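Q: Could we go through this structure together, beginning with the record and then turning to charges?

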Amino acid sequence: MAVKKDYKDQKLAEKLRDRKYYVSESNPEFTKDVEKLGQTAAHMCYQCGTCTGSCPSAPRSSYRIRLFMRKAVLGLEEEALTDPDLWLCTTCYSCTDRCPRDLAPTDAIMAMRNLAFRRDIVPRNFLQTVQLIYKTGHGVPNNDANRAARKRLGLEEEPETTHKYPEYLPGIRKILDHYRLKEHADRILAEGEKP
Amino acid sequence: MSGSNHQYAFFLGCIAPNRYPGIEAAAVRTSKNVGIDLLPLKGASCCPAPGAFGSIDLYVWYAMAARNLVLAEQMKMDIALICNGCYKSIWEVNHKLKHNDELRDGVNEVLKEIDMEYKGTADVWHLAELYYDPKIVGVKKLAESVRRPLTGSKVAVHYGCHLMKPAKERHFGNTETPMWMEELVAALGAEPVQYRNKMQCCGAGGGVRGYDLAHALDITNEKLTNMEEVGVDAVTEVCPFCQLQFDRGQLEIKEKFGTEHRIPVLHYNELLGLAQGMSPDELALDLHAVDVEPFLKKIL
């Protein structure tokens, strides 16, 4: 009797099952955008799966970097950008180091995340980092317990960064405002969206 | 002596100065002992975090990292730093801007608004690679700086991802089975130990720690289990974010999965500090989530 290769977990099997895609679902511009932003020739991918085999996120989730590469090449923008797994890449670059086509799947993921953000699809924690940097210059700012520890070590309470020299903050805010990043983050957070 | 020392602008990042200040204190003192002066890079910001920040807008990531680079250019100095995440932002953006005119012009257009210009005159180094480089420090000189050898301790090395990978853009060579950090550990008298899948990620990067903590911790848990299997007294790394993930992560793993590891986590600069004779207090090792005491008992 022929045994069908499948996952035991029904949800996982459903998600990762082979299916047909139609030209009408494809946006060729998406492929170009991913290649430009990610600075990698994604269309050279021959789907060997070395990337998924190298991926620390793959064995513990339905995240499959090979499928994301496929979707990037086929222009399946909607599928790729609305999949919450897009945000499970730890950007470890193991796939990139092992890719026999010398591609950078990691950077293709980064590009797709950028494109998702342009459509307001983004997890909250990414936006909170933007707000913290806008406010303090740091993604992980100082706090009172740490100030006390620094003092104990003979260090100044505030490190020689924007913390000690807040006069540098307006310049940082100007850069972020140039790209309207804070405004964008604030708006999405206010609308309470989450993929 | 300090006149002939190598001087660098010290890029602090966020997690070292703001969560593990002992790493900052150690870096300044340990590097001085081997002929490196780390000078304050005034007004530096977050690198900004390559995963959390680069994921949403790479162009802002380039511009923000470029601002930090310009601060060092204005000091006419190269940057030295102590975090793999910072290395990815600061080294990689520097590399991209030096080799991509279109990108550099775009960044400079934005920097003009704050009266800055990126020129590409500074280089960026991780302190660990300066320690390994015989032209700057080298393993021999490092070993000579040791006052209290870490003899009898077994130490696992976690290289982290963003220092050496992607290999084709970097200059570290082999990213499958590197051994240079083991040499750095052996120079202190400790025994570096090999464990399964040592090049695996800590799990925290790419914004995953913030997005799906259980997923990130599951990766961390696998690494810690692999270390435990060969019996280690501590794990060392050169990335405060990996440190946070391994250190606080062990408490979170216990809470979420019920698994207890108790492997002390030490940044290489903290390890070097101990070997050069700094006291646990001078390194604020009490700030670590996992008790470092069992490791100290082995070496003190």
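A: UniProt positions are given in the numbering used here, feature names are shortened, and annotations may be inferred rather than shown by experiment. This is a predicted model, in which local features need pLDDT of at least 70, side-chain atom pairs count only at pLDDT 80 or more, and totals for chains, interfaces and linings use all residues. Residues are numbered from 1 along each chain as its sequence is written, chains are lettered from A and ligands numbered from 1 in the order in which they are written, and side-chain values use heavy atoms, with hydrogens and water left out.

Q: Which residues of chain B does the "domain: Cysteine-rich" annotation cover?
A: According to the unreviewed UniProt entry, that annotation covers residues 8-88 and 155-247 of chain B.

Q: What is the helix and strand content of residues 8-88 of chain B?
A: That span is 49% helix and 15% strand, and its end C-alpha atoms lie 18 Å apart. Helices (H or I, at least four residues) and strands (E, at least two) are DSSP runs, numbered from the N terminus.

Q: And for residues 155-247 of chain B?
A: There the chain is 40% helix and 11% strand, with the end C-alpha atoms 15 Å apart.

Q: Where is B:Val232?
A: B:Val232 is in the loop between helix H10 (213-230) and strand S7 (234-237) of chain B.

Q: Is B:Val232 buried or exposed?
A: B:Val232 counts as buried because its relative accessibility is 14%; buried means under 20% relative accessible area, exposed over 50%, and partly exposed in between (1.4 Å probe, protein chains only).

Q: Changing topic, how many salt bridges are there over all chains?
A: A search of the whole structure finds 37. A salt bridge is a side-chain nitrogen of Lys or Arg within 4 Å of a carboxyl oxygen of Asp or Glu.

Q: Which residue of chain A forms a salt bridge with B:Asp286?
A: The partner is A:Arg152, with the closest N and O atoms 3.1 Å apart. The pair crosses between chains, from the loop between helix H12 (268-275) and helix H13 (293-299) of chain B to helix H9 of chain A. A:Arg152 is partly exposed, as its relative accessible area is 46%.

Q: What else involves helix H9 of chain A?
A: A:Arg147 and A:Asp144 both lie in helix H9 (residues 144-152), three residues apart, about one turn of the helix. Their side chains meet in a salt bridge (2.7 Å, N to O).
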